[in-house]
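Please read the following note with the coordinates open beside it. The points are numbered so that each can be checked on its own.

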Amino acid sequence: ALVRFEVHDTGVGVDASTLTRLFSTLEPADISSTRTPHGIGLGLAATRKLAQLMHGEAGATSTPGVGSTFWFTARLAKRSASDRAGSSRRFRPGPCSS
């Protein structure tokens, strides 16, 4: 099954020329920013690499002044009901923190 995950924000957005570079390793979106650039770019590059390892893709769409959508896809194996019944591993969501 091909699964797609998305995160939407209503932040400042990113222009098209910058958006094409966001998934390159350690490529800051705006070097003139006053924000501290710790980890800028590495997370998106790692996301793309992990998605590719799961036979998927990663990307983003954005409109300056409106916000952005970051997404990735992953191809996951379906398990039969008999496989799930014998499994001792169960997903249990933990508490949400904000």
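**Notes on the predicted model**

1. Leucine 53 belongs to helix H2, which covers residues 42-53, where helices (H or I, at least four residues) and strands (E, at least two) are DSSP runs numbered from the N terminus. Because its relative accessibility is 57%, leucine 53 counts as exposed; on this scale buried means under 20% relative accessible area, exposed over 50%, and partly exposed in between, with a 1.4 Å probe and protein chains only.

2. The model is a predicted one, in which local features need pLDDT of at least 70 and side-chain atom pairs count only at pLDDT 80 or more, whereas totals for chains, interfaces and linings use all residues. Residues are numbered from 1 along each chain as its sequence is written, and side-chain values use heavy atoms, with hydrogens and water left out.

3. Leu53 also takes part in a nonpolar surface patch with Leu50, Met54 and Leu76, and together these residues have about 360 Å² of accessible area. Such patches are made of residues with over 30% relative accessible area and no salt bridge, nonpolar side chains (Val, Leu, Ile, Met, Phe, Trp, Tyr) being joined within 5 Å and like charges within 9 Å. A salt bridge here is a side-chain nitrogen of Lys or Arg within 4 Å of a carboxyl oxygen of Asp or Glu, and the areas come from the Shrake-Rupley method with a 1.4 Å probe, only the protein chains shown counting as cover for residues.

4. Also in helix H2 is alanine 45, which counts as buried because its relative accessibility is 12%.

5. As for the overall layout, the chain has three helices and three strands, and from the N terminus on its elements run β-α-α-β-β-α. Of its 98 residues, 21% count as buried.

6. The three strands form an open sheet in the order S1-S3-S2, with antiparallel pairing. Strand S1 (2-9) and strand S2 (58-63) stand at the edges with a single partner strand each, so one side of each has no neighbour in the sheet. Neighbouring strands are turned by 15° against each other on average, direction ignored, with axes taken as lines fitted to C-alpha atoms (for helices over the stretch in contact) and angles running from 0 to 180 degrees between N-to-C directions.

7. S2 and S3 form a hairpin with three residues between them, and glycine 65 in the turn has a positive phi of about 85°. Threonine 61 has threonine 69 in S3 as its bridge partner.

8. Which residue in S3 stands opposite alanine 58? It is phenylalanine 72, and the C-alpha atoms of these two residues, 14 apart along the chain, are separated by 4.0 Å. Alanine 58, in strand S2, is buried because its relative accessible area is 5%.

9. Phenylalanine 72 is also the bridge partner of phenylalanine 5. The structure holds one aromatic pair: the rings of phenylalanine 5 and phenylalanine 72 have centres 4.8 Å apart and planes at 20°, so the pair is stacked. Rings of Phe, Tyr and Trp (its six-membered ring) pair if their centres lie within 6.5 Å, planes under 30 degrees apart counting as stacked, over 60 as edge-to-face and the rest as tilted. Because phenylalanine 5 lies in strand S1 and phenylalanine 72 in strand S3, the pair ties together parts 67 residues apart in sequence. Phenylalanine 5 counts as partly exposed at 39% relative accessibility, and phenylalanine 72 is partly exposed at 26%.

Key: Two strands pair if DSSP finds at least two bridges between them.
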